[in-house]
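Welcome, and thanks for taking a look at this one with me.

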Amino acid sequence: MSLSNETPITGRIHSIESGGMVDGPGIRFVVFTQGCPLRCLYCHNPDTQTLWEGREISVDEVMKEIVKYRSYMRFTGGGVTVTGGEPLIQHHFTREIFRRCQEQGIHTTLDTSGFASPKVAATVPNMSTWRCYASRHLIPRYTIG
């Protein structure tokens, strides 16, 4: 239990995968954030688009799960990937997960479309060890033809 009076940082997630093999090097602990303003034509995770679905979880709870897999991540050169949805929508949550992982020497990867305000986007280079920017093809609002 924390003696701090600070409110815990929470976020909404769709799911967690403890043995990811395609979201960065080595075995990854993957956090799928909930919510994305884009409606990409070939979205891999359309069930993560709405922000109000998923479950609310604190960074403390996420970190309790991450540390259980630390030995696997170290042995394989893996780490933690935060993806989504769009993790920059919940940038305080994402940044705090990465900060705590980096304090423990855990490799971090941000998988993002880069869709964020200029202020948030400016913090991305310092947010994680690796950044994966996925180009998106949006569904057009109107079709000509």
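This is a predicted model: local features need pLDDT of at least 70, side-chain atom pairs count only at pLDDT 80 or more; totals for chains, interfaces and linings use all residues.

1. In strand β3, I57 is the bridge partner of G11. That contact belongs to the pairing of β1 (residues 10-20) with β3 (residues 55-58), where the two strands run antiparallel and are joined by four bridges.

2. Strand β1 also pairs with β2, again in the antiparallel sense, over five bridges.

3. Next, the aromatic rings: which residues do the ring pairs link into a cluster? They are F29, Y69 and Y72, and the structure holds two aromatic pairs. One of them joins F29 and Y69 in a tilted arrangement, with 5.8 Å from centre to centre and 40° between the planes. This pair brings together distant parts of the chain, 40 residues apart: F29 sits in strand β2 (residues 28-33), while Y69 is in the loop between α1 (59-68) and α2 (70-76).

4. Are these two rings buried or exposed? F29 has 1% relative accessibility, so it counts as buried. Y69, at 25%, counts as partly exposed. Y69 also pairs with Y72: their ring centres are 6.5 Å apart and their planes meet at 40°, so this pair is tilted.

5. Just after the helix, G105 takes a positive phi of about 75°.

6. Now for the charged residues. Side chains of opposite charge can pair when their charged atoms come close. How many salt bridges are there? The count comes to five. One of them joins D60 to R100, with the closest N and O atoms 2.4 Å apart. This pair links distant parts of the chain, since D60 is in helix α1 and R100 in helix α3, 40 residues apart. D60 is partly exposed at 38% relative accessibility, and R100 is partly exposed at 22%.

7. Two further salt bridges stay within a single helix. In α1, K68 and E65 lie three residues apart, about one turn of the helix, and their closest N and O atoms are 2.9 Å apart. K68 counts as exposed because its relative accessibility is 53%, whereas E65, at 29%, counts as partly exposed. In α3, E96 and R99 are likewise three residues apart, about one turn, and their side chains meet at 2.5 Å, N to O. E96 is buried, with a relative accessible area of 12%, while R99 is partly exposed at 38%.

8. Please also look at how some of these charges connect: D60, E96, R99, R100 and E103 are linked in a network of salt bridges.

9. Finally, the surface. L51, W52 and I89 make a nonpolar patch of about 330 Å². I89 lies in the loop between β4 (79-83) and α3, and at 34% relative accessibility I89 counts as partly exposed.

Key:
Residues are numbered from 1 along each chain as its sequence is written. Side-chain values use heavy atoms; hydrogens and water are left out. Rings of Phe, Tyr and Trp (its six-membered ring) pair if their centres lie within 6.5 Å; planes under 30 degrees apart count as stacked, over 60 as edge-to-face and the rest as tilted. Buried means under 20% relative accessible area, exposed over 50%, partly exposed in between (1.4 Å probe, protein chains only). Two strands pair if DSSP finds at least two bridges between them. Patches are made of residues with over 30% relative accessible area and no salt bridge: like charges are joined within 9 Å, nonpolar side chains (Val, Leu, Ile, Met, Phe, Trp, Tyr) within 5 Å. Accessible areas come from the Shrake-Rupley method with a 1.4 Å probe; for residues, only the protein chains shown count as cover. A salt bridge is a side-chain nitrogen of Lys or Arg within 4 Å of a carboxyl oxygen of Asp or Glu.
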